[in-house]
Amino acid sequence: MEKKLTFLGIETSCDETAASVVQENGDGTAKVLSNIVSSQIKEHEKFGGVVPEIAARAHVENIDFIIQKALDKSRKKIKDLDGIAATTGPGLVVCLHVGYNIGKSIATFGKKSFLPINHLEGHALSPSIENKISFPYLLLLVSGGHSQYLIVKDLNNYKQIGTTIDDAVGEAFDKTAKILNLGYPGGPSVEKFAKLGNKNSYILPQPIINRAGCNLSLAGLKTDVLRKSKNIRSNQDKYNLAASFQETINKILRKKTEVAMNKFKEEVSNNSTKSFVVAGGVAANETLRKSLKEISKKMSFKPIFPSKEFCGDNAAMIAWAGIQRYRKKLFNKKNETVRSRWPLDKEAPFLKGPGLKL
Ligand code: KG4
Ligand code: ZN
């Protein structure tokens with residue numbers, strides 16, 4: 001039997017310092033031997049958002065300890081590894097440098113392969129850590145910086161069929177939490193307080209809901225939450241607004257997912273199981289999972305969500321992407337420098353900014 005590859009993954013693209021050791025199982029899935037994530041909630045809480053220089057400093061202070069912890073927990077030494085994979089984009093450049101530099105140094109001195117990894121590809125492939133999934137599949141990637149529908153045709157072959165033209169879904173959750181003063185990080189706190197509210201109490205806008213394919217627009221929704229927050233008289237009003245916001249996001253994503261599923265069926269005409277994968281930090285939201293499971297059933301797709309530990313930023317998904325690329329000899333050499341922008345589909349139009357016509 002072929003040797004099972006073992007990789008160390010490093011993730012420092014935003015406010016999570018993470019390291020993980022992952023071993024392939026040989027059947028398209030992987031065993032996560034350790035998955036260490038140190039989030040910087042305390043550092044950024046008082047600013048209500050991530051401050052890049054503070055994040056970079058925290059990465060520098062923690063990264064060697066986190067990597068050591070990941071190696072210890074996995075009972076592996078650097079000599080046992082087949083390669084090192086680190087996120088080199090997209091993300092905050094000052095933060096990406098920390099993971100890239102240490103990953104590259106360990107690889108150089110340990111005489112191991114180094115693989116630069118696209119953070120979005122890490123999210124895109126994360127559900128196959130635990131599930132056997134065959135290409136092509138439909139992916140909804142919903143995080144703090146990105147919200148996209150993609151057809152994942154193969155490793156390294158992505159077709160974007162929809163994206164947000166303004167705010168990402170996670171960003172809308174974060175901004176709503178900030179407006180309603182619900183605490184940081186925003187997504188989990190909106191979800192928590194929404195449980196105490198009535199989701200039908202406010203009618204909020206669903207921009208471009210019946211046009212522009214499966215592209216999304218959420219800025220108008222956020223602005224309306226801000227406007228309505230001015231008339232809040234009690235905590236109950238606040239919870240009602242949080243619940244109505246979350247329900248509106250669910251309605252938008254249900255509708256847009258249906259459009260994306262029809263597009264997928266048009267583009268991929270084979271009779272095999274159609275998988276719908278949801279990944280990224282927002283995929284941890286229970287109400288969203290429930291609602292997207294319902295639409296999958298209606299549209300005859302098999303819904304697949306990563307476990308919550310693999311939804312938010314983590315290094316297991318980076319190690320796993322590294323292993324898959326190494327197997328296929330896709331070393332990403334040209335993409336080795338860190339970069340703030342790195343789309344999965346290079347051909348996709350850039351749908352942001354004034355004068356945009358949809
Ligand atoms: O993938 P991720 O950890 O980092 C990025 O790549 O951006 O996603 C973070 C985003 C944040 O906006 C956070 O508020 C959101 O995911 N998030 C959630 C939940 N947990 C995290 N949004 C809604 N409900 C949640 N339970
Ligand atoms: Zn992420």
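Me: Happy to start with the metal: which residues coordinate the zinc ion (ligand 2)?
Reply: Keep in mind that this is a predicted model. The donors follow the spacing H-x3-H-x189-D along the chain. At 2.0 to 2.1 Å from the zinc ion (ligand 2), they are His119 (NE2), His123 (NE2) and Asp313 (OD).

Me: Nice. How many residues apart in sequence are the parts that His119 and Asp313 tie together?
Reply: His119 belongs to helix H4 (residues 119-125), whereas Asp313 sits in the loop between strand E10 (302-304) and helix H10 (316-327). The pair therefore ties together parts whose separation in sequence is 194 residues.

Me: Is Asp313 buried or exposed?
Reply: Buried means under 20% relative accessible area. The value for Asp313 is 18%, so Asp313 counts as buried.

Me: Now the largest nonpolar core: which element supplies the largest share?
Reply: This core has 45 residues, and Phe245, Ile249 and Leu292 touch the most other members. Elements that each supply at least two residues include strand E6 (137-142), helix H8 (235-267) and helix H9 (286-298). The largest share, ten residues, comes from H8.

Me: Last one: which residues does Ser229 touch, not counting those up to four places away in sequence?
Reply: Ser229 is in helix H7 (residues 219-229). Its relative accessibility is 16%, so Ser229 counts as buried. With those sequence neighbours left out, Ser229 touches Ile179, Leu180 and Leu241.

Methods. Residues are numbered from 1 along each chain as its sequence is written. Chains are lettered from A and ligands numbered from 1 in the order in which they are written. This is a predicted model: local features need pLDDT of at least 70, side-chain atom pairs count only at pLDDT 80 or more; totals for chains, interfaces and linings use all residues. Side-chain values use heavy atoms; hydrogens and water are left out. Helices (H or I, at least four residues) and strands (E, at least two) are DSSP runs, numbered from the N terminus. Buried means under 20% relative accessible area, exposed over 50%, partly exposed in between (1.4 Å probe, protein chains only). Contact means heavy atoms within 4.5 Å. A nonpolar core is a set of buried Ala, Val, Leu, Ile, Met, Phe, Trp, Tyr and Cys residues joined through side-chain atoms within 4.5 Å. Donors are N, O and S atoms within 2.8 Å of the metal (3.2 Å for Na, K and Ca); water is not among the atoms, so sites may look incomplete.
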